[in-house]
Amino acid sequence: MIKIEYQTQRLSLRFFMLMLVLFVFQAGFGMVLALQQIDPTLLAGNLNFNVIRAEHLNLGIIWILCGFIGTILFVGPLLSHRELAAPWLIKFLFYAVVAVTLWNVGTQYLAQTGVAGWWLGQPMLQEGLEYLEAGRIADIVILIGFCILCYVVLRTFPPRRDWNEIHWALGIGVIALTLVWLFGFFFIERLDLQEYFRWYVVHYWVEGVWEVIHIALVGFLLVLMFDAKVKSVGYAVFWGVVLVWLSGLLGNAHHYFWVGTPEFWQFWGSLFSALEPLPLIFCFWHVYLDAHHDRRPLKNAPAFYFILGSVVLEQVGAGILGFTMTFALTNVWSHGTWVTPAHAHLALFGTFGMLGIGAAYYAVPLMRGLADYDQRWGKLSFWLLFIGMLGMAFAFALGGTVQVFVYRTLGLDWFGGDVFPAMNLFKILVPVFGVIFSIGTVTLVYDLLTLGHRYVAPVAELRRAVRRDPPIAGWGRYLTGFEAGMWLLAMWLFGAVITFGLLSFNLPVVQAGNATLPYLLASIGYPGLLLVTLLFVWRFLASLEMRGYEPESTGTVLPPMAPVVG
Amino acid sequence: MAQRLIDLTIAILASIVSFLLSWPYFRNFEYWAESHAMWLVYFVVGFLLAVYVFYVLLRITRTLFEHDALDRADTAAAAAVNEPGADAKRDTGARP
């Protein structure tokens with residue numbers, strides 16, 4: 001494991017720690033929401049469902065941004081071979097993030113009491129737009145914060161003639177992060193127009209900007225972890241960014257379907273949404289190849305576990321589940337139902353949250369001066385979070401399928417309570433898996449907060465204690481490109497089953513009241529997809545873990561090349 | 001050339017599937033009610049861009065695997081002559 005080379009890299013630590021604190025609160029709010037689904041009177045009048053939901057969404061964005069900022073500050077000096085520019089501005093940025101977060105919580109009280117703080121035709125204190133609740137004053141502070149981040153990154157980077165693709169992607173990413181935020185300053189009374197601007201911020205960030213930053217950071221972390229060649233990684237980063245923008249900028253139109261915008265969006269929104277998973281497939285292969293660049297043992301397993309989780313859940317949550325519901329013909333059923341959070345949870349936490357956590361696992365031990373550390377807590381937290389999130393997605397997806405049928409297809413009334421009993425099983429399953437996720441959260445936070453501050457037996461001793469010299473066979477054998485391709489194909493086949501299940505809601509026989517087909521396809525598709533995902537990640541990590549037991553694990557023995565996929 | 005044709009064929013087939021899933025047959029095209037030509041342009045441009053994106057994906061994924069094969073060959077060659085190729089200082093791409 002390398003040592004910290006630049007002292008300003010340590011500034012990232014405070015952002016990683018803030019990320020953990022906010023993550024705990026966000027997960028806690030999520031648990032309360034899950035329980036309120038079962039008992040709507042829980043905390044009613046004190047912490048209403050809509051208030052907690054707003055905080056759950058907002059904190060989800062803020063802690064992920066903290067993870068991004070921490071990671072960018074950590075890798076910035078390594079990319080530039082010099083210290084971060086203007087450390088005092090970074091410290092200021094940290095306090096600004098804290099202030100905005102606290103303001104964001106306070107905003108909910110203003111929303112409850114109906115105070116917007118109108119001045120010059122603008123809502124200065126709170127504006128009540130989903131995901132963008134804070135008012136114009138907070139918007140300005142956030143803009144200043146993004147400008148600081150841009151300044152620090154661009155001033156730290158070397159002269160432009162020395163930039164490689166990773167510099168370009170990260171540089172463009174932070175600039176775009178700032179520019180796209182400007183759309184949040186529009187406040188228009190006509191709701192259909194307002195929705196354009198709201199979605200420009202929320203989903204151009206996610207599908208246009210965060211994806212770019214994600215590709216750049218994953219690429220560079222792979223360079224650090226596997227000594228991958230910058231040239232190859234740069235190629236993947238460049239084309240990943242190109243594909244994201246070719247598909248995502250127009251694909252974002254699937255958010256315009258039902259808000260009164262022109263109907264041509266229903267075609268382009270559907271078509272380009274169908275293309276959005278392509279960069280994610282490409283990203284997956286890039287990660288597979290870099291991780292199999294040689295056969296040396298994983299030095300920092302938890303860091304790679306979370307990065308792999310990020311890329312696989314990006315594929316499954318954003319790519320496959322996103323694909324299934326973004327066509328106008330399926331989205332008309334799934335939009336705003338429980339089918340959506342199955343996709344959203346896997347995509348947001350999986351893709352961006354896990355990246356921040358993975359980066360923290362890479363950075364924190366270095367900043368605490370640990371040459372090596374007990375990695376069992378990190379691995380355990382990964383599996384708990386991963387299984388908990390897959391389980392919640394399973395409950396949301398199947399509960400959503402029931403909801404679509406009884407609520408949308410049969411037209412039963414939510415408030416009449418007809419839908420409620422039909423979804424009971426899945427309403428209970430969400431907090432059940434939520435408990436697993438929460439235990440994972442606590443484990444993760446405990447581990448990262450106390451790394452280097454608690455006694456652990458010497459790592460060599462721990463390894464001896466668990467080493468059983470297992471045979472390198474079964475799930476631990478080398479994962480070839482062909483096998484990885486088969487796993488990927490299996491995921492997409494289940495994705496196709498889910499898509500047909502949602503399409504089947506259009507059939508007259510289903511609309512007449514026969515739910516057999518959509519229920520059958522959903523009950524094959526969702527469990528199949530989530531189970532294959534779980535097994536694939538298990539298989540992938542088992543094969544990498546086994547490298548530690550290989551006598552030839554020095555990078556000299558190379559397996560035969562996998563067939564080219566395409 | 002044959003490879004390019006295969007890639008193009010796959011890209012066209014994938015685009016047709018995406019196109020069919022996206023076809024708004026449940027709509028009456030009223031947004032440009034007086035101009036069916038605009039709708040036609042809309043469909044054609046969308047389809048061609050979809051073919052291009054699929055085609056690019058196939059080509060670059062192939063190249064990605066070729067890069068990997070070259071990297072592996074370099075690593076193996078370095079190891080064979082007992083050079084510290086694999087242990088070389090991290091290359092972050094920027095000049096120090």
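Biologist: How many helices and strands are there in chain B?

Modeller: This is a predicted model, and the assignment rests on its coordinates. In chain B there are zero strands, and the number of helices is two.

Biologist: Among contacts in chain B between residues at least 6 apart in sequence, what percentage joins residues at least 24 apart?

Modeller: A contact here requires heavy atoms within 4.5 Å. For pairs in chain B at least 6 apart in sequence, the share that joins residues at least 24 apart is 70%.

Biologist: How much area is buried between chain A and chain B?

Modeller: The size of an interface is often given as the accessible area lost when the parts come together. Here, 58 residues of chain A are in contact with 52 residues of chain B. Carbon and sulfur atoms give 69% of the buried area, which comes to about 5,300 Å².

Biologist: Which side chains meet in a salt bridge at 3.8 Å, N to O?

Modeller: Between chain A and chain B there are 10 residue pairs in polar contact, both residues being at pLDDT 80 or more. The count of salt bridges between these chains is two. The pair with an N to O distance of 3.8 Å is A:K229 and B:D71.

Biologist: Which element gives the most to the side of chain A that touches chain B?

Modeller: Several elements of chain A give two or more residues to that side, including α2 (49-80), α6 (191-226) and α8 (265-275). By class, the side has 39 nonpolar, 12 polar and seven charged residues. With nine residues, the element that gives the most is α8(A).

Biologist: Is A:T351 buried or exposed?

Modeller: A:T351 lies in helix α12 (residues 339-367) of chain A. Leaving aside residues up to four places away in sequence, A:T351 touches A:H214, A:S310, A:L313, A:E314, A:A318 and A:L346. Because its relative accessible area is 1%, A:T351 is classed as buried.

Biologist: Which residue has the backbone oxygen that the side chain of A:T351 reaches?

Modeller: A polar contact needs N or O atoms within 3.5 Å. The side chain of A:T351 comes to 2.7 Å from a backbone oxygen, that of A:A347.

Note on methods. Residues are numbered from 1 along each chain as its sequence is written. Chains are lettered from A and ligands numbered from 1 in the order in which they are written. Side-chain values use heavy atoms; hydrogens and water are left out. Helices (H or I, at least four residues) and strands (E, at least two) are DSSP runs, numbered from the N terminus. Buried means under 20% relative accessible area, exposed over 50%, partly exposed in between (1.4 Å probe, protein chains only). A polar contact is a pair of N or O atoms within 3.5 Å; within protein, one must be able to donate a hydrogen and the other to accept it, and residues adjacent in sequence count only if both atoms are side-chain atoms. Buried area is the accessible area (1.4 Å probe) that two parts lose on being put together, summed over both. A salt bridge is a side-chain nitrogen of Lys or Arg within 4 Å of a carboxyl oxygen of Asp or Glu. Ala, Val, Leu, Ile, Met, Phe, Trp, Tyr, Cys and Pro count as nonpolar, Asp, Glu, Lys and Arg as charged, and the others, Gly among them, as polar.
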